[in-house]
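Student: Before we look at the model, could you guide me through reading charged pairs and a nonpolar core in a structure?

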Amino acid sequence: MALDGIRMPDGCYADGTWELKMHVTDLHRDVSLRVTGEIHIGGVMLKLVEKLDVKKDWSDHALWWEKKKTWLLKTHWTLDKYGIQADARLLFTPQHKLLRLQLPNMKHMKVKVNFSDRVFKAVSDICKTFSSTLICERQVRGHILDPIKL
């Protein structure tokens, strides 16, 4: 096209594209992609991974929109449908991360948590993890403390 690469005063290009700024947390690197609002989130992630040219398993990664504090998990939705424009800054980051929890007995434990889940579900999953661990601990303690059960 004859208008490719001509930048307008508003920061957009004459062909309707604009620069989408993203930060890749694993690589501590900022990346810009030239996109339109019609590209879907899956396409953005594909273009980003191709541009990074790093051989890695990116399957656990997703886009986090800092300004709106939301995960862009519907990969078939377009940037327009999410309302993402040229002023947006997205993070490309893993969904599962380690969380350090302090228990009531003042012990600290590291638990892998899915940060893209709703808060209630994430807390529920953590509780399930600890309740099964605590049940096992109670059973072991019961055997140790009560020699008759051995």
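Tutor: Let us begin with the general idea: a salt bridge is a side-chain nitrogen of Lys or Arg within 4 Å of a carboxyl oxygen of Asp or Glu. This is a predicted model, and a search of the whole structure finds 5 salt bridges.

Student: Which residues are linked in a network of salt bridges?

Tutor: The network links D30, E66 and R89. The side chains of D30 and R89 meet with N and O 3.3 Å apart, and because D30 lies in strand β2 and R89 in strand β5, this pair ties together parts that are 59 residues apart in sequence. R89 also meets the side chain of E66, at 3.1 Å from N to O; E66 lies in the loop between β3 and β4 (70-72), so this second pair ties together parts 23 residues apart in sequence.

Student: Is D30 buried or exposed?

Tutor: D30 is exposed, with a relative accessible area of 55%, whereas R89, at 34%, counts as partly exposed, and E66 is partly exposed with a relative accessible area of 34%.

Student: Which residues touch the most other members of the largest nonpolar core?

Tutor: That core has 23 residues, and those touching the most other members are L20, L63, L79 and I84. The largest share, 5 residues, comes from α1. Leaving aside neighbours within four places in sequence, L20 is in contact with residues including V31, L33, V44, L79, I84 and L90. Apart from this core lies another, of 6 residues, among them V111, A122, I126 and F130.

Technical notes:
Residues numbered from 1 in each chain as written. Predicted model: local features only at pLDDT ≥ 70, side-chain atom pairs only at ≥ 80, totals over all residues. Heavy atoms only, no water. Core = buried A, V, L, I, M, F, W, Y, C linked by side-chain atoms within 4.5 Å. Buried < 20%, exposed > 50% of the residue type's maximum accessible area, 1.4 Å probe, protein only. Helix = DSSP H or I, 4+ residues; strand = E, 2+ residues; numbered from the N terminus. Contact = heavy atoms within 4.5 Å.
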